[in-house]
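Visitor: I would like to learn how to read the pockets and the core of a model. Please take one feature at a time.

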Amino acid sequence: MCAGELDMDQVPVFNHAAHRALAARPVPPMLLLDLHDVTFIDSSGLNALLLARIQADRQGTTVHLARPSERVARLLELTGAE
């Protein structure tokens, strides 16, 4: 679960967690990111989500963004990243 702000300060924490999840063996079939408690997301947070998706795609893992908060859903919609 992601919570709080997903911004330039928190992206390294997110990236580390996503990398650890995707490094699991056997390779997970899906990476579920619960975004319900994300209160703010900026362009660096969006970039981190997109990079996690690229990394997951490379190994055959599907990324699912679950329960995005209103702010996250709006950013995804505005950028066409949903």
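**Pockets and core**

Guide: Helix α2 gives the most to the lining of the second largest pocket, with 5 residues. This is a predicted model, in which local features need pLDDT of at least 70 and side-chain atom pairs count only at pLDDT 80 or more, while totals for chains, interfaces and linings use all residues. Residues are numbered from 1 along each chain as its sequence is written, and side-chain values use heavy atoms, with hydrogens and water left out.

Visitor: What volume does the second largest pocket have, and what lines it?

Guide: A pocket is an open set of points on a 1 Å grid over the protein atoms alone, where a 1.4 Å probe fits, with protein on both sides within 12 Å along at least five of seven lines; lining residues have an atom within 4 Å of a point. Grid points are joined across faces, edges and corners, and the volume is the space filled by probe spheres set on them. Here the volume is about 220 Å³. The lining includes L46, L49, L50, R53 and D57. Both α2 and β4 (62–66) supply at least two lining residues each; helices (H or I, at least four residues) and strands (E, at least two) are DSSP runs, numbered from the N terminus.

Visitor: How do the residues of that lining divide by class?

Guide: Ala, Val, Leu, Ile, Met, Phe, Trp, Tyr, Cys and Pro count as nonpolar, Asp, Glu, Lys and Arg as charged, and the others, Gly among them, as polar. This lining has 8 nonpolar, no polar and 3 charged residues.

Visitor: Which residues lie nearest the centre of the largest pocket?

Guide: They are M1, C2, V13, F14 and A17, out of 16 lining residues. The largest pocket has a volume of about 250 Å³. Its lining takes 5 residues from α1, the largest contribution, and comprises 13 nonpolar, 1 polar and 2 charged residues.

Visitor: Is F14 buried or exposed?

Guide: Buried means under 20% relative accessible area, exposed over 50%, partly exposed in between (1.4 Å probe, protein chains only). F14 has 8% relative accessibility, so it counts as buried. F14 is found in helix α1.

Visitor: Which residues have the most contacts inside the largest nonpolar core?

Guide: A nonpolar core joins buried Ala, Val, Leu, Ile, Met, Phe, Trp, Tyr and Cys residues through side-chain atoms within 4.5 Å. The largest has 18 residues, and L6, F14, L35, V38 and L49 have the most contacts inside it. Its largest share, 5 residues, comes from α2.
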